[in-house]
Amino acid sequence: MFNSIWDDLKYSMRTGDMATKLIVVNFAVFVLTKLLFLILGGFTLGNPDSAYSTVLHYFCVPGDPMRLLMQPWSLFTHIFLHDSLWHLVSNLLFLHLFDGIS
């Protein structure tokens with residue numbers, strides 16, 4: 001079963017248009033961040049010193065402009081971070097719908 005899913009994802013990345021590739025990458029990053037949540041003990045999310053929060057804030061756009069100068073990659077990486085499944089689904093749905101317009 002998983003070989004079939006993996007083969008489908010590889011096929012989508014090879015032959016799909018840019019929106020399809022972005023959807024696959026966004027979903028993969030979402031799964032990876034949720035696995036990281038489980039591995040790093042993200043259940044202490046209210047604690048700003050938890051390992052998960054530290055790693056997640058490394059990829060989020062900081063509110064402080066001076067800190068933004070120290071992590072410019074966050075302008076790109078924050079695009080792929082999604083907090084919940086509904087956040088992911090709504091963003092990918094809009095991406096898919098707007099792809100059909102062009």
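A salt bridge is a side-chain nitrogen of Lys or Arg within 4 Å of a carboxyl oxygen of Asp or Glu. The model is predicted, so local features need pLDDT of at least 70 and side-chain atom pairs pLDDT 80 or more, while totals for chains, interfaces and linings use all residues. Residues are numbered from 1 along each chain as its sequence is written, and side-chain values use heavy atoms, without hydrogens and water.

**Exercise 1.** Find which side chains meet in a salt bridge, and state where they lie.

*Solution.* Step 1: a search of the whole structure gives one salt bridge. Step 2: its partners are Asp 7 and Lys 10, at 3.9 Å from N to O. Step 4: Asp 7 has a relative accessible area of 42% and Lys 10 one of 38%. Both are partly exposed, a class between buried (under 20%) and exposed (over 50%), with a 1.4 Å probe and protein chains only.

**Exercise 2.** Describe the chain as a whole.

*Solution.* Step 1: there are six helices and zero strands, in the order α-α-α-α-α-α along the sequence. Step 2: 20% of the 102 residues count as buried.

Definitions and conventions. Helix = DSSP H or I, 4+ residues; strand = E, 2+ residues; numbered from the N terminus.
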